[in-house]
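Colleague: Could you walk me through this one, a bit at a time? I'd like to start with the strands and then look at some helices.

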Amino acid sequence: MRIGLVLNILDEEYQISVFQGVKQRAKELNVELICFQQENSIFSSESILKKLIDKKNFDVDGIIVLSSVVSDSDQIATKTKIRKYLGNIPIISLGQDIEGIPSLIVQTDDSMKQLVEHLILKHRYRKFYYISGSSTHNDAIMRERIFIKTIQAYKPWESGLEYKIKRGWFTERAAVEAMNEFYEEDPDYEPDAVVCANDNMAIGVYKYLKTHKNKISIKKCAVTGFDDIPQSRFEMPPLTTIRQPLEKIGGEAVTSLVDLINGKKIKDCSYIESELIIRQSCGCKNENENENANDFVEMMQENYLRNERLLKMVSHIGQDLNYAQTIDGLKYIINANMEQLDVSDYCILSYTDVSNCMIKPVYVRRNGKYFYEFAGNKEMSLGEFFKKYQSYDEYNPSVLVIKQLTLGEENLGCVIYETSEDQLPYLCSIALNITHTLNRITEAAERKKRAEYLEREVSKRTRELVQANNKRMEVEAEVLKISEIERQRFSTDLHDDICQRLAGISMLCRSYSNQDAPVEKQQMTELAQLIGETLQTTRQYAHNSYPVELDSLGMNHSLSNLCNSFEQQSGIKCDYSWMLSKDYSFEPIQRLNIFRIIQEALHNVMKHSQADYVSVTVKPVKSKDKKIAVIIIDNGIGISEKNIKKGLGMNSMQYRANQIGATFRVTNCKPKGTCIEIKM
């Protein structure tokens with residue numbers, strides 16, 4: 001049988017004492033125990049407890065919930081609510097009475113009343129500070145209520161009774177803050193006694209009084225606690241408190257849960273009485289003080305030395321982990337220190353998928369043996385890991401503690417360990433150092449990956465830019481070459497055509513001027529015809545240099561004229577289609593470059609294609625799309641791969657397309673012909 005114990009965190013005596021009782025009884029009954037440290041409400045969105053106790057993972061048969069610490073009373077109230085978050089397995093509530101869930105409660109009303117009566121009647125104290133716990137915590141509410149009720153009951157007979165109340169949230173630090181608030185609000189109020197809702201807060205009050213003993217307004221007063229944690233016996237003076245039989249109630253919880261799992265009927269709610277423990281902090285004297293002095297001092301020295309050693313170990317581990325740069329470095333530091341701490345079982349697991357409880361082993365130590373590589377260090381479910389982990393030893397009911405490695409709202413992983421009770425709070429501190437180290441190493445590895453990726457991308461982009469630059473230089477060189485050829489052709493045409501025509505006109509005019517007879521009408525007609533032909537040719541050259549009608553008549557009309565002119569000059573049938581809306585407009589640079597691309601394409605059709613048909617289409621790529629396509633298709637012999645890549649005309653068209661941010665594609669059509677497509 002395997003059971004789970006759910007509590008907050010094993011860093012203070014109340015929970016450790018309950019854990020001891022549960023652990024001892026589980027061993028007696030030959031039951032495995034897994035302690036889940038929740039650190040936040042089991043009803044919070046970050047809680048993964050339900051997944052951990054599932055059959056796929058730790059597969060527990062029942063759960064003991066230390067409800068007095070894992071949730072406030074307004075959060076944990078009904079069977080329906082707790083079933084929603086923990087499932088339908090057997091559950092025992094320890095500390096709070098949950099409707100519909102078998103509960104074990106320590107009865108403290110009488111003991112709390114006896115404590116207040118002792119302070120009023122025995123010591124004649126009249127002025128009280130009371131430091132309570134959370135305003136929504138059931139135990140805190142009950143203890144505060146009994147304190148106030150008892151004071152009120154004695155007021156008619158004991159004159160001068162008064163009290164002030166602050167919240168201490170059950171921690172030493174909060175109790176110190178509460179004391180500060182008391183004295184800041186009313187420095188003239190001198191309490192006879194400070195009554196605290198638990199021992200941790202009472203120890204916090206001790207520290208406050210000792211560190212402020214030189215202040216005139218703060219006088220020495222009685223201090224009492226609640227719970228009787230082991231440390232309360234070693235304080236100076238030893239703390240008067242109320243003993244909750246925590247180990248006993250922990251053991252009873254295990255017995256009840258095992259009976260519940262086995263189908264036995266148990267009580268809805270069972271009560272265990274608490275006990276008032278009178279020591280010196282309330283003002284009483286120990287009659288056997290001299291007889292027990294040596295044993296007491298020896299116990300204090302032993303406790304101090306043990307705590308000092310463990311604190312130094314935690315500090316040493318924290319410093320070492322601060323310099324760990326790799327997972328191997330983390331493993332080495334943890335392994336060396338676990339050997340010194342004599343911790344035989346300790347695992348660090350990193351979550352790869354929290355929602356499905358998928359993990360990768362980071363560090364695994366089992367029965368004192370360190371596994372440098374556990375099951376190939378591969379990703380596996382938490383349940384698979386636990387089975388493999390248990391398989392390395394013969395069956396022996398174990399007591400394992402689990403602590404989540406959380407940083408803010410992010411759950412990085414968990415640690416699993418088994419150790420002695422005195423080391424539990426220190427392993428919690430070590431786990432915190434591991435969390436920060438694991439996060440730092442992981443982030444460093446991610447940064448390194450990102451840097452390597454960026455470096456690869458930069459190198460790739462640099463190569464692409466170099467290639468693009470080289471290509472651009474090649475295209476520009478070819479464009480310059482084309483421009484030079486065009487200039488030479490234009491120069492030749494001017495020389496061989498226009499200049500010759502003008503020379504002929506000049507000769508005719510000179511001839512006519514030298515003749516004696518008047519110039520005849522026929523001669524003037526011949527001269528006018530020659531001048532007209534020269535003018536027409538000059539206009540054609542000017543048009544080929546820059547189509548003025550692009551600006552005056554627009555794109556559609558200019559392309560239509562171009563196609564009509566091409567058909568007349570080449571004898572090749574040319575269909576032209578404009579499928580854009582009438583108000584569609586182009587930028588001037590777009591108009592010119594598209595016109596020149598179509599002009600070059602038609603020139604190639606006439607010169608190379610051996611086609612008898614060509615179509616020119618301007619249309620939207622999709623309906624209601626701003627992207628347009630210009631498509632020129634002929635039915636000629638097609639184009640070779642060599643000419644697609646290296647032809648001057650093709651490179652000129654590609655260059656012009658790049659200038660206006662358009663894509664340019666040349667393909668062979670089926671069954672024959674060439675297709676040129678521009679999209680922009």
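Colleague: How many bridges join S19 to S20, and do they run parallel or antiparallel?

Modeller: In this predicted model, strand S19 and strand S20, which covers residues 613-620, run parallel and are joined by six bridges.

Colleague: What's the order of the strands in the whole sheet?

Modeller: The order is S19-S20-S21-S23-S22, which makes an open sheet of five strands with mixed pairing. From one strand to the next, the twist averages 10 degrees.

Colleague: What holds strands like these together, in general?

Modeller: Strands of a sheet pair through backbone hydrogen bonds, and the pairing can be either parallel or antiparallel.

Colleague: OK, so S23. Is it largely enclosed or largely open, and why?

Modeller: Strand S23, residues 674-679, is largely enclosed by the rest of the structure, because five of its six residues are buried. In the sheet, S23 pairs with strand S21 (residues 628-634) in the antiparallel sense over five bridges, and Ile632 stands opposite Ile676 in S23. Strand S22, residues 663-668, also runs antiparallel to S23, and six bridges join these two, with Phe664 standing opposite Ile678 in S23.

Colleague: What about the hairpin of S22 and S23, which residue takes a positive phi there?

Modeller: Gly673 does, with a phi near 105 degrees, and that hairpin has five residues between its strands.

Colleague: Which strands does helix H18 lie across?

Modeller: Helix H18, residues 588-609, lies across S20, S21, S22 and S23, and it runs at about 10 degrees to S21.

Colleague: Changing topic: at what angle do H1 and H10 pack?

Modeller: Helix H1 (residues 13-28) and helix H10 (residues 246-261) pack at an angle of about 45 degrees, and their axes are 7 Å apart. The two helices are therefore oblique to each other, and H1 passes H10 in a right-handed crossing.

Colleague: Which residues meet in that contact?

Modeller: On the H1 side they include Tyr14, Val18 and Arg25, while those in H10 include Leu246, Glu247 and Val254. The residues of the contact divide into six nonpolar, six polar and two charged.

Notes. Residues numbered from 1 in each chain as written. Predicted model: local features only at pLDDT ≥ 70, side-chain atom pairs only at ≥ 80, totals over all residues. Heavy atoms only, no water. Buried < 20%, exposed > 50% of the residue type's maximum accessible area, 1.4 Å probe, protein only. Helix = DSSP H or I, 4+ residues; strand = E, 2+ residues; numbered from the N terminus. Pairing = 2+ DSSP bridges. Axes fitted to C-alpha atoms, helices over the stretch in contact; angles between N-to-C directions. Parallel < 35°, antiparallel > 145°, perpendicular 65-115°, else oblique. Left-handed = near helix turned anticlockwise from the far one by under 90°. Contact = heavy atoms within 4.5 Å. Nonpolar A, V, L, I, M, F, W, Y, C, P; charged D, E, K, R; others polar.
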